[in-house]
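Biologist: Thanks for sitting down with me. Could you take me through this model one residue at a time?

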Amino acid sequence: MFVQDVLKQMNTQLARIEVCLNRLSDEQIWERVNGEMLSIGNLCIHLAGNEYQHFVSGIGNKPFIRERSNEFTMNGGMNVSAILTRMKDVRQQSESVLGELLDQDLQREVQIWYDPEDWKRMRVGNTESSDSYYVRPIQSHLFYVAEHYGYHTGQIVYLTKLLAEGKGPITDTRH
């Protein structure tokens, strides 16, 4: 039940992101409101990378393929359609992996791989470790990725409201 709840919530967030992306031009999704903020395109690519790393690669034991630093430095090169395709493809893979889990799997620990050199470029965490993975129970990964997804979805919704002024609500409620 927990796995299905996580996927349901993440699918709700993905639907919100899709509404946002469909209200913006290809140029707007790569616009940075200021130098400190990421663009909507960056956030979407980052969400797909994070979900793939934790669910598809980490839990599903598929090859680790991610250059996290690139997610934050991209300034274009993908249009709305390509970004949505990437996000939905990762979600399909995630649903396939998570759909195989049983309740007793939730406490099983899995290794989540990362590239220490890439993390050094981002100055994330302890970069002195020689390990290129960390370990968490599956249930913790589910919680972490869902929370992370919701956090960045809120940023995407907010940025969309700034960039696509006057196009109506994005969610069913007013915020």
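Modeller: Happy to, and please keep in mind that this is a predicted model. Let me begin with Lys88, which is partly exposed, at a relative accessible area of 36%.

Biologist: Which residue meets the side chain of Lys88 in a salt bridge?

Modeller: Lys88 belongs to helix H5 (residues 80-98), while its partner belongs to helix H1 (residues 2-22), so the pair ties together parts that are 70 residues apart in sequence. The N to O distance in this salt bridge is 2.9 Å. The partner is Glu18.

Biologist: Is Glu18 buried, partly exposed or exposed?

Modeller: Buried would need a value under 20%, and exposed a value over 50%. Glu18 has 25% relative accessibility, so the class for Glu18 is partly exposed.

Biologist: How many salt bridges does the structure hold?

Modeller: The Lys88 and Glu18 pair is one of them. Another joins the side chains of Arg66 and Glu71, at 2.7 Å from N to O. The structure holds four.

Biologist: Are Arg66 and Glu71 buried or exposed?

Modeller: These two side chains meet in a salt bridge. As for their accessibility, Arg66 and Glu71 are both buried.

Biologist: What is the N to O distance in the salt bridge of Asp105 and Arg108?

Modeller: Asp105 is buried, at 16% relative accessibility, whereas Arg108 is partly exposed, with a relative accessible area of 37%. A salt bridge needs the nitrogen and oxygen within 4 Å. For Asp105 and Arg108 the distance is 3.9 Å.

Biologist: I always check the cysteines. How many disulfides are there by this rule?

Modeller: The rule asks for two cysteine sulfur atoms within 2.5 Å. The count comes to zero.

Biologist: How far is the sulfur of Cys44 from Cys20?

Modeller: Cys20 is in no disulfide, and the nearest cysteine sulfur to Cys20 is that of Cys44. Likewise, Cys44 is in no disulfide, with Cys20 holding the nearest cysteine sulfur. Cys20 is buried, with a relative accessible area of 0%, and Cys44 is also buried, with a relative accessible area of 0%.

Biologist: On to the histidines. Which side chain does the side chain of His54 join in a polar contact?

Modeller: His54 sits in helix H3 (residues 40-59) and counts as buried, at 1% relative accessibility. Leaving aside neighbours within four places in sequence, the contacts of His54 include Ile112, Arg136, His141 and Val145. The polar contact is 2.8 Å, and it joins His54 to Tyr134.

Biologist: Which side chain makes a polar contact with the side chain of His148?

Modeller: His148 is part of helix H7 and is buried, with a relative accessible area of 10%. Apart from neighbours within four places in sequence, His148 touches three residues, among them Leu47 and Asn50. The polar contact has a length of 3.0 Å, and the partner is His46.

Biologist: Now for the surface. Which residues make the nonpolar surface patch of about 300 Å²?

Modeller: Patch residues need over 30% relative accessible area. Tyr158, in helix H7 (residues 138-163), passes that cut-off because its relative accessible area is 52%, which also makes it exposed. The patch is made by Val33, Tyr158 and Leu162.

Biologist: One last pair, please. How far apart in space are Ser69 and Arg91?

Modeller: Ser69 lies in helix H4 (residues 68-73) and is buried, with a relative accessible area of 7%. Along the sequence, Ser69 and Arg91 are 22 residues apart. In space, C-alpha to C-alpha, they are 21 Å apart.

Technical notes. Residues are numbered from 1 along each chain as its sequence is written. This is a predicted model: local features need pLDDT of at least 70, side-chain atom pairs count only at pLDDT 80 or more; totals for chains, interfaces and linings use all residues. Side-chain values use heavy atoms; hydrogens and water are left out. Buried means under 20% relative accessible area, exposed over 50%, partly exposed in between (1.4 Å probe, protein chains only). Patches are made of residues with over 30% relative accessible area and no salt bridge: like charges are joined within 9 Å, nonpolar side chains (Val, Leu, Ile, Met, Phe, Trp, Tyr) within 5 Å. Accessible areas come from the Shrake-Rupley method with a 1.4 Å probe; for residues, only the protein chains shown count as cover. Helices (H or I, at least four residues) and strands (E, at least two) are DSSP runs, numbered from the N terminus. A polar contact is a pair of N or O atoms within 3.5 Å; within protein, one must be able to donate a hydrogen and the other to accept it, and residues adjacent in sequence count only if both atoms are side-chain atoms. Contact means heavy atoms within 4.5 Å.
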